[in-house]
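Open the model in a viewer and keep a selection tool at hand. The tour below goes stop by stop.

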Amino acid sequence: MSMTKTKKVASQSRNRRVSLTVTYAILIILGIIWLVPFVWILLSAFRCDYQSDGTFIGTVTSYFFPKHFGLKNFADLFSATYYAVPRAFPRWMLNTLIIAVVDCLISTFLVLSVAYCMSKLRFKLRKTFMNLSMVIGLFPGFMSMIAIYFLLKSIGLTGNPAHPEYSVIGLILAYSAGAGLGFQIAKGFFDVIPNALVESAKLDGCTNFQIFRRIILPLAKPIIIYQALMSFTGPWMDFIFAKVIIGADNPSYWTVSVGLYSMLFGQYSNTNLFTQFAAGCVIVAIPIVTLFMFLQKYYVEGVTAGAVKG
Amino acid sequence: MGSKVKKAPKNKQSRLSFPERIGTAFSSFGKRFVDGSLGTKLSHFIFGAGNFYHKQYIKGFLFLLIQVGILALMILCPSINNTPYGWKALQNLSLKNTVEGGGFNPVTGQFDTISSDCKLMILFGFVTIAMIIVYLLVWNLNIASSYKADMDRKIGKKPTTFREDLRELLDGRFHVLMLTPTCIAAAVFTILPTVFMIALAFTTYNQQDMNDLGTNLFHWNGLQNFRAVFTGEGSLGVEIHNRFLPVLGWTFIWAVFATLTCYFGGIILALLINKKGLKGKKLFRTIFILTIAVPQFISLLAVRNLLGEYGPINTLLIDLGLTADPIGFLGLRTGDSESLAKVMVIIINMWVGVPYTMLMTSGILMNIPADLYEAARVDGASTVKMFFKITLPYVIFITTPYLISSFIGNMNAFNSIFLLTGGGPAYPGYQAGGTDLLVTWLYKVTIDQHLYNTGAVIGILTFLITATITLVTYRRSKAYNEEDTFQ
């Protein structure tokens with residue numbers, strides 16, 4: 001009796017070990033597939049190969065592993081003149097940083113204020129506002145993009161020959177102005193905060209502002225971080241909107257993603273810039289990925305709050 | 001009648017039918033004029049008069065300022081880039097009496113000759129209409145404010161001071177304070193541009209026709225652009241007539257496959273990573289999240305170049321003797337296989353999409369009550385059976401809203417197509433290639449080719465399709481209907 005039992009346990013644990021091994025194998029294979037493109041970009045960024053006649057190979061090569069490693073691509077990237085803009089890459093990095101920080105502040109504020117109203121206050125046009133923002137959200141963003149450009153241009157906030165730097169303000173407006181309509185995820189988060197908390201504060205004589213300031217905001221840290229992360233990383237990832245708003249003829253004020261994208265596509269593209277593109281990608285990706293990994297917990301919380309409600 | 005409605009409990013008002021509500025609104029307008037004090041009566045003509053009457057000077061002054069400002073703008077018609085606001089802008093909306101020629105001279109910073117910019121005429125016309133709407137809203141607000149002071153007086157209360165009004169903004173009317181910035185910003189930068197683009201769908205505004213005719217002007221042409229979708233008439237009719245249905249069909253196929261592959265792939269990946277006894281969960285998760293964290297223009301362009309004609313993968317395949325010529329995985333050259341490109345984008349999209357679902361379902365999987373599995377195991381259910389009978393129904397039940405929104409999201413998945421195939425393989429003579437979605441087509445037509453009216457038509461049709469899907473699914477869902485009661 002006890003013999004068969006131990007046998008059964010042994011076979012069970014063997015089964016479990018086999019299934020674990022299979023899981024490891026699958027995950028490792030998938031992990032490698034997931035990493036290959038990133039590793040390749042990383043390798044290309046550090047590639048320092050020359051042709052037999054001494055010219056540098058900056059193109060996509062047919063081999064995966066570089067023959068020589070070096071920092072030439074990074075050095076070139078930071079010193080080179082792109083599209084007649086001297087030291088363009090550091091400029092783009094700075095532009096993007098400024099845009100990202102300001103956009104992050106404005107967008108986060110707008111989203112939180114709208115989400116709080118929709119979740120915890122009751123007023124006459126509330127449902128109308130929610131329906132309207134949903135309907136507007138269904139229009140493809142590319143449709144209004146060119147109209148926003150016309151609008152900004154008519155008030156001199158882009159394509160302004162006297163003040164090309166104004167287009168940075170224009171882009172910040174374009175990024176953050178509509179942010180308040182994307183309140184759904186933050187609202188989902190606020191909905192989970194018990195109403196009893198709000199009601200008891202109201203009985204204690206708190207105004208709605210005090211409730212927001214003293215009770216909701218301290219509890220909302222995860223969603224604040226999520227919104228800030230999203231709006232901060234947005235400008236680093238966008239390569240279309242920024243180019244349309246700032247203008248293809250205004251490369252000094254591009255964001256870094258527009259600059260990098262233009263190395264491979266469009267009128268300024270050059271196949272020999274691929275390794276410099278890769279170096280730029282590494283420099284852009286490292287801070288964003290680090291930020292992401294540190295704030296992963298909040299990201300997951302935000303994504304889940306928005307998506308799996310009801 | 002008016003007083004009867006007023007006595008009705010508040011929640012009953014929402015049950016009134018639409019004509020009844022309009023009736024109520026009108027009767028309250030009349031009532032305010034008849035019942036109101038002299039100040040309230042005057043408010044109908046001069047903004048803030050009632051507030052002055054009740055000694056609410058600051059408020060009254062603000063109302064007056066708005067009235068004077070808007071009226072001055074309407075009458076004086078200040079112009080920007082030679083295009084006026086105000087009543088002239090309303091006139092200009094007809095796009096008749098436009099003047100050809102002229103242009104901006106960068107040396108003098110002036111317009112050399114006066115010429116009409118039709119797009120600004122439409123834009124400023126709409127701004128003026130918006131201004132009139134604002135005027136009417138403020139008009140109503142100023143009467144209401146005076147009437148409220150009347151009522152306060154009647155019951156022996158003092159009309160509120162400006163300071164009290166401001167304090168009320170932090171409490172009872174906190175939503176007004178909080179929503180105003182978003183309302184203004186969204187009206188200017190989201191609603192106005194959207195309405196403007198919708199209007200362009202009813203014009204002849206496209207660079208190709210205007211270049212052919214040698215003109216800078218365009219005009220209204222009614223529903224002709226929409227008719228062209230069915231008949232193919234007009235200079236752009238051929239493109240939109242011949243390519244609309246294929247692009248729409250592929251957009252649906254893509255959205256279905258992209259959603260399902262990423263969804264089930266994500267669940268399976270989450271199950272694998274969360275397996276009991278597995279070590280290095282965090283490391284694995286970090287590796288997979290990389291595709292979410294790295295900007296897509298980096299990750300997808302890396303894949304595009306890896307798979308390129310002279311890239312490492314094609315070279316490897318040739319060296320191994322598996323193929324003689326480079327394979328056009330992504331349909332970047334004309335003549336490349338369209339079906340291969342379609343399959344490839346769906347597969348590569350899993351690479352960026354699966355980790356999302358993995359992250360989301362990880363938490364849900366851990367929340368499935370363990371006794372469900374225990375009971376199933378006692379009954380002798382196999383792992384596979386437990387997956388299909390317990391795990392999957394549970395996860396699907398919770399994530400239905402996510403499934404819907406990710407379907408809509410995939411219909412508009414610009415990056416996955418634009419960065420990988422660029423819409424290719426190209427159809428000679430057409431903008432829309434074999435893997436173009438409605439959004440990438442829209443992008444090419446408006447941003448690359450400046451065919452604004454065609455783009456607007458595509459945009460409106462895209463909106464109608466996604467809106468229908470959303471309405472049908474969301475409005476039936478619990479999440480929407482019981483949004484209020486959820487808490």
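A residue counts as buried if 20 or more other C-beta atoms lie within 10 Å of its own, with C-beta atoms placed from the backbone. The model is predicted.

**Stop one: a helix in chain A.** Select helix α6 of chain A, residues 166-176. Nine of its eleven residues are buried, so the helix is largely enclosed by the rest of the structure. Colour the buried ones: A:S167, A:V168, A:G170, A:L171, A:I172, A:L173, A:A174, A:Y175 and A:S176. Next, show what they pack against: in chain A, α3 (88-120), α5 (141-154), α10 (221-237) and α11 (241-246).

Which helix of chain B gives the most to the side that touches chain A? Display both sides of the contact, 71 residues from chain A and 85 from chain B. Helix α10 of chain B, residues 174-200, gives the most to the chain B side, with 17 residues. Coloured by class, that side of chain B shows 54 nonpolar, 27 polar and four charged residues.

**Stop three: a helix pair in chain B.** Select α17 (residues 338-367) and α19 (residues 383-411) of chain B. Their axes are 10 Å apart and the helices pack at an angle of about 145°. The crossing of α17(B) and α19(B) is right-handed. Show side chains for B:M360, B:T361 and B:I364 on α17(B), then for B:V395, B:I398, B:T399 and B:Y402 on α19(B); these residues make the contact. Five of the contact residues are nonpolar and two are polar, with no charged residue among them.

Terms used
Residues are numbered from 1 along each chain as its sequence is written. Chains are lettered from A and ligands numbered from 1 in the order in which they are written. This is a predicted model: local features need pLDDT of at least 70, side-chain atom pairs count only at pLDDT 80 or more; totals for chains, interfaces and linings use all residues. Two residues are in contact if their C-beta atoms, placed from the backbone, lie within 7 Å. Helices (H or I, at least four residues) and strands (E, at least two) are DSSP runs, numbered from the N terminus. Ala, Val, Leu, Ile, Met, Phe, Trp, Tyr, Cys and Pro count as nonpolar, Asp, Glu, Lys and Arg as charged, and the others, Gly among them, as polar. Axes are lines fitted to C-alpha atoms, for helices over the stretch in contact, and angles run from 0 to 180 degrees between N-to-C directions. A crossing is left-handed if the near helix is turned anticlockwise from the far one by less than a right angle, and right-handed if clockwise. A residue is buried if 20 or more other C-beta atoms lie within 10 Å of its own, exposed if 12 or fewer, and partly exposed in between; C-beta atoms are placed from the backbone.
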